[in-house]
Amino acid sequence: MSEHYVYDRNMDAEPSMASIGALLATPARASILSALFDGRALTATELAYLAGVSPQTTSSHLAKLVDARWLVAEIHGRHRYYRLAGREIAEALEPLVLIAGHRPVPARGRSPALESLRNARMCYDHLAGRLGVAITDALLRQKQIAPDGRDFRVTKRGTRLLRSLDIDPDRLAGERRIFARQCLDWSERRPHMAGALGAALATAFLEQGWITRPHKGRQVFVSDRGTAAFAKIFGLTLP
């Protein structure tokens, strides 16, 4: 009996996968994308500095990323700002570090900036790094959330906690966005909370003054109030 193979589905997928690889193959473009993972917009001049390439080269890279609809450009006054086209871009691209042959940096070679990112950072609009993973682990340990395939579901106990933080899980569940996604953290190799719930938690912590963000960059810093609150609510002991 002869065997027949169907290639149509794979062939349909190949061009888009190839374009993803091509866009990420240039270190400068990868640096530009990484710089925008915090959800904020930067000018071409700022991105050129961060990527370590000339303004002309940066303009070429930005044009390709805008054409691919990974970035959008916005004009404010005399300046053009670039930002990620959506949170799904950051959520899809950041975990790719895990399959890119990434090797942990030896302790003696770690810069303060790298350690700060590992401790706590924004992945577009939700918390990542050790803090993001620790809070997710605490929610699981306290049975406030539970795994549900690739996502999390909120328990009755978790609903009470969220409402105490002025977060309405029913409203979040009604949004078009994924409610609570397990996002594999590139530095910790374990999931943190993404999706609408992850963003709502980060926003609540910022509004309470428990965490702060610098004007630029992805780093997140925990305030003294935050250290006390995270210890009380989640049982976390932060350095």
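Select Leu71 and then Leu84: Leu84, in β3, is the bridge partner of Leu71. Helices and strands in this tour are DSSP runs numbered from the N terminus, a helix (H or I) having at least four residues and a strand (E) at least two. This is a predicted model, in which local features need pLDDT of at least 70 and side-chain atom pairs count only at pLDDT 80 or more, while totals for chains, interfaces and linings use all residues. Residues are numbered from 1 along each chain as its sequence is written, and side-chain values use heavy atoms, with hydrogens and water left out.

Two strands are said to pair if DSSP finds at least two bridges between them. Strands of a sheet pair through backbone hydrogen bonds, either parallel or antiparallel. Next select Gly77, in the hairpin of β2 and β3, where two residues stand between the strands. Gly77 takes a positive phi near 65 degrees.

Which order do the three strands take in the open sheet? The order is β1-β3-β2, with antiparallel pairing. The edge strands are β1 (42-43) and β2 (71-76), and each of them pairs on one side only. Strand β3 (residues 79-84) pairs with β1 in the antiparallel sense over two bridges. To see this contact, select Leu42 and its bridge partner in β3, Tyr82.

**A second hairpin**

Move to strand β6 (residues 145-148) and strand β7 (residues 151-154), an antiparallel pair joined by four bridges. Select Asp148 and look across to Asp151, its bridge partner in β7. Then pick Gly149 in the hairpin of β6 and β7, which has two residues between the strands. Gly149 has a positive phi near 70 degrees.

Select Tyr124, in the loop between β4 (121-123) and β5 (126-128). Its phi is positive, about 65 degrees, although Tyr124 is not a glycine. Is Tyr124 buried or exposed? Tyr124 is buried, with a relative accessible area of 16%. Here buried means under 20% relative accessible area, exposed over 50%, and partly exposed in between, using a 1.4 Å probe and protein chains only.

Then select Asp166, in the loop between α8 (156-164) and α9 (169-173). Asp166 is not a glycine, yet it has a positive phi of about 65 degrees. Asp166 is exposed, at 71% relative accessibility.

**Salt bridges**

A salt bridge here is a side-chain nitrogen of Lys or Arg within 4 Å of a carboxyl oxygen of Asp or Glu. How many salt bridges does this rule give? The count comes to nine.

Start with Glu188 and Arg118, whose closest N and O atoms are 3.8 Å apart. This pair links distant parts of the chain, 70 residues apart: Glu188 is in the loop between β8 (182-184) and β9 (191-193), and Arg118 is in helix α6 (residues 112-119). Arg118 is buried, at 15% relative accessibility.

Next select Asp125 and Arg177, which form a salt bridge with their closest N and O atoms 2.8 Å apart. Asp125 lies in the loop between β4 and β5 and Arg177 in the loop between α9 and β8, so the pair ties together parts that are 52 residues apart in sequence. Arg177 is buried, with a relative accessible area of 13%.

Now select Arg163, Asp168 and Asp170, which are linked in a network of salt bridges. The side chains of Arg163 and Asp170 meet at 3.0 Å, N to O. Arg163 is partly exposed, at 41% relative accessibility, and Asp170 is exposed, at 55%.

**A positive patch**

Select Lys143, Lys156, Arg157 and Arg160, which form a positive surface patch. A patch is made of residues with over 30% relative accessible area and no salt bridge; like charges are joined within 9 Å, and nonpolar side chains (Val, Leu, Ile, Met, Phe, Trp, Tyr) within 5 Å. Lys and Arg count as positive and Asp and Glu as negative, with His and the chain ends not counted. The place of a charge is taken as NZ of Lys, CZ of Arg, CG of Asp or CD of Glu. Accessible areas come from the Shrake-Rupley method with a 1.4 Å probe, and for residues only the protein chains shown count as cover.

**Last stop**

Finish at Ala196, in helix α10 (residues 195-208). Ala196 is buried, with a relative accessible area of 4%.
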